[in-house]
Amino acid sequence: MSAGYDPRAVANLMLDEASRSDLRLGHIQLQKLLYFSHGIHLVQTKSPLVSGYFEAWQYGPVHPTVYRAFKQAGREAIQFRATGQDPLTGECRRIEDVKDSEIVNLIRRVLGSYGSLPTGRLVDLSHAKDSPWWYIVEQGRAGVAFGMRISDSVIADRFRHHKVSVGPEPLSGEPLDDTPFA
């Protein structure tokens, strides 16, 4: 199983593609769209889209690295791209772009299905009963979740419980079959 791309690079790609489609994404939207993209990629390829992990936060799954990279946008649409930092010099550096056409197409597909949904609807989708986020929150209530991390194994196992599939348009309320996002 591969380690996945730098989540900031995929977030930058998502912001670039959203901009090309005249979509303005805020922080919460970016997090949910990244999470859906990661889950779809994980289910389809059995490998993670992004490195690191998602955590179960109040408004759904959040990738801490992406949160730190874009938190300065606050509630406004994100108008900048994440950068890295050279560990030796501390200087700001550009993050390498994701150029894989399959990943670009996945991001376009997710944006086409979910990119124009209101933030509240994206949060509702990420909170679906039996979804990875829901499962971890329920485990936390029982006192058995460690740091509220949503592991890739939980995402792969439970992602089918989201109530929509990715297609040309959102399919609200339609349950997924055993081959989600095909």
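This is a predicted model: local features need pLDDT of at least 70, side-chain atom pairs count only at pLDDT 80 or more; totals for chains, interfaces and linings use all residues.
Residues are numbered from 1 along each chain as its sequence is written. Local features need pLDDT of at least 70 and side-chain atom pairs pLDDT 80 or more, totals for chains, interfaces and linings use all residues, and side-chain values use heavy atoms, without hydrogens and water.

Colleague: How many helices and strands are there in the protein?
Modeller: Helices (H or I, at least four residues) and strands (E, at least two) are DSSP runs, numbered from the N terminus. Along the sequence they follow the pattern α-α-β-β-α-β-β-α-α-α-β-α. The protein has 7 helices and 5 strands.

Colleague: Which residues of α4 meet α1?
Modeller: Contact means heavy atoms within 4.5 Å. From α1, the residues involved are V10, L13, M14, E17 and A18. Their partners in α4 are I103, V104, I107, R108 and L111.

Colleague: At what angle do the axes of α2 and α4 cross?
Modeller: Helix α2 comprises residues 27-45. Its axis and that of α4 come within 10 Å and cross at roughly 125°.

Colleague: How do the residues of the contact of α2 with α4 divide by class?
Modeller: Helix α2 contributes L33, F36, S37, I40, H41 and Q44, while α4 contributes I103, L106, I107, R109, V110, L111 and Y114. Ala, Val, Leu, Ile, Met, Phe, Trp, Tyr, Cys and Pro count as nonpolar, Asp, Glu, Lys and Arg as charged, and the others, Gly among them, as polar. The division is 9 nonpolar, 3 polar and 1 charged.

Colleague: Is D22 buried or exposed?
Modeller: D22 lies in the loop between α1 and α2, and its phi is near 60°, a positive value in a residue other than glycine. Buried means under 20% relative accessible area, exposed over 50%, and partly exposed in between (1.4 Å probe, protein chains only). Because its relative accessibility is 71%, D22 counts as exposed.

Colleague: What is the relative accessible area of K46?
Modeller: K46 is found in the loop between α2 and β1 (54-57), with phi near 65°. K46 is exposed, and its relative accessible area is 57%.

Terms used:
Axes are lines fitted to C-alpha atoms, for helices over the stretch in contact, and angles run from 0 to 180 degrees between N-to-C directions.
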